[in-house]
Each structure stands twice: as structure tokens, then as C-alpha cells.
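Hello,

Here is the structure I promised to pass on. Please open it and follow along with the notes below.

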Amino acid sequence: MHLAAFPGPGEADLVDALRRTARLTLSRVGEVDGAVVGHVALSPVTVAGATGGLGLAPVAVLPEHQGRGLGGALVVDALGAARAQGAAFVVLLGDPGWYARFGFRPASTWGLHDAWGGGDAFQAVQLQPGALDGARGVVAYDPAFDDLG
Ligand SMILES: CC(C)(COP(=O)(O)OP(=O)(O)OC[C@H]1O[C@@H](n2cnc3c(N)ncnc32)[C@H](O)[C@@H]1OP(=O)(O)O)[C@@H](O)C(=O)NCCC(=O)NCCS
């Protein structure tokens, strides 16, 4: 799935690595006629001053199924599942023009940054009111993300 959706193997390898280390907190697929056509993964992140954070990555839909609402449905489903599991907030790197519709705002709103200099592409959403009130600094992803090219 991820090999088909992304230009390189980095995201597929990342999912394998998170699975191997049991750090794939949430993993949801989208199906059409019984075949997997989309996938979203969430894994734990850490930051000073807040707990219960998850990083949403990767999310992908097979190219021939894109543009029909599947990607959006996967993000909404993942956020709902994360909230139901008691997660406090979710961060991601992505196009703000797409993710704003799901409630994401630039993480810098809360004084948060990513390690890759993503700027406004690094976004966050609170799943519990005030979850990020005391948070500050750089949000650390799982070490498996260090290998993402
Ligand atoms: C991003 C992705 C998951 C979206 O899946 P999808 O099923 O096409 O998404 P939806 O059909 O729910 O939404 C499509 C809408 O989002 C927009 N959109 C999709 N990807 C976008 C992006 N990277 N940047 C900005 N807008 C984007 C489309 O233009 C479309 O807009 P509209 O609703 O105003 O018409 C899919 O395009 C994909 O797999 N891309 C390759 C992998 C990737 O880049 N993943 C995201 C980074 S981890």
C-alpha cells in the first residue's frame, strides 16, 4: 500500500519498524470490496509538559482510489479511535490546507515544534480540552522515524 502511494520505501519500512517494536498504537485500514486500499498509523510521541500524545503517520490511499474521500475518512476514523482510547492530542506533518478541516492547527500555536523544521506543516489537534496547555518545545517521534528519508 505505502510502496504504491509514496515515491520511496521509507513509509512502508516505517510501518514495518513500528509493528516490529509494538509501537503501532493505532493502525486502521480502508477497504473497497474486501481489498485494502488505504491505511493510517499512529504511534506515541513525547513532549515536555504534556502526556498521551500520538503522531499520525503515515496515511495513504492507493493512487487509483484517491480523491474519493477515503483519506479524509481514515483521518476522521483514526482521530475518533485515538480519542476513544484516551489519547490526549495528535500531531502530524502535512499540508495545512488539507488537515485544517479535521481540526488541526499549526503546532506552533502551542509553542510546539518538530525536529525536522516543518514550520506550519507541523500541526496538532487536542483530543481532550487543554491537553496541550502546559506543553512546550520539540515533539519527539518514535526512533523509527529517524530512518525516514
Ligand atoms: C493524502 C491522501 C491520503 C489523501 O487521500 P484521499 O483519499 O485522496 O483524500 P480525500 O479524497 O479524503 O480528500 C481529497 C481532498 O484532499 C485534497 N488533498 C489530498 N492530498 C492533499 C495534499 N497532500 N495536500 C493538499 N490537499 C490534498 C484533495 O485536493 C481533495 O480536496 P477537496 O476535498 O477540496 O476536493 C492521498 O492523497 C495519498 O495517499 N497521498 C500520497 C501519500 C501522502 O502524501 N500521504 C500524506 C502524507 S503522510
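**What turned up**

Alanine 22, which follows α2, has a positive phi, near 60 degrees. Keep in mind that this is a predicted model.

Now look at helix α2 itself, residues 10-20. Its buried residues include Glu11, Leu14, Val15 and Leu18. They sit on the same side of α2, because they cover an arc of only 100 degrees around the axis. What lies over them? The cover for the buried residues of α2 includes α1 (2-5), β2 (35-48) and β3.

Next, the ligand. The shell around the ligand draws at least two residues from each of β3 (50-61), α3 (70-84) and α4 (96-99). β3 gives the largest share, five residues. There are 18 residues around the ligand, and Ala60, Gln66, Gly71, Gly72 and Asp95 come nearest. By class, nine residues of the shell are nonpolar, seven are polar and two are charged.

Last, strand β7, residues 122-126. Four of its five residues are buried, so β7 is largely enclosed by the rest of the structure. Which strands pair with β7? One is β4 (residues 89-93), antiparallel, over five bridges. There, valine 90 stands opposite valine 125 of β7. Another is β5 (residues 105-106), also antiparallel, over two bridges. In that pairing, arginine 105 stands opposite alanine 124 of β7.

Best wishes

Terms used
Residues are numbered from 1 along each chain as its sequence is written. This is a predicted model: local features need pLDDT of at least 70, side-chain atom pairs count only at pLDDT 80 or more; totals for chains, interfaces and linings use all residues. A residue is near a molecule or strand if its C-beta atom, placed from the backbone, lies within 6 Å of it. Ala, Val, Leu, Ile, Met, Phe, Trp, Tyr, Cys and Pro count as nonpolar, Asp, Glu, Lys and Arg as charged, and the others, Gly among them, as polar. A residue is buried if 20 or more other C-beta atoms lie within 10 Å of its own, exposed if 12 or fewer, and partly exposed in between; C-beta atoms are placed from the backbone. The arc is that of the directions from the helix axis to the C-beta atoms. Two residues are in contact if their C-beta atoms, placed from the backbone, lie within 7 Å. Two strands pair if DSSP finds at least two bridges between them.
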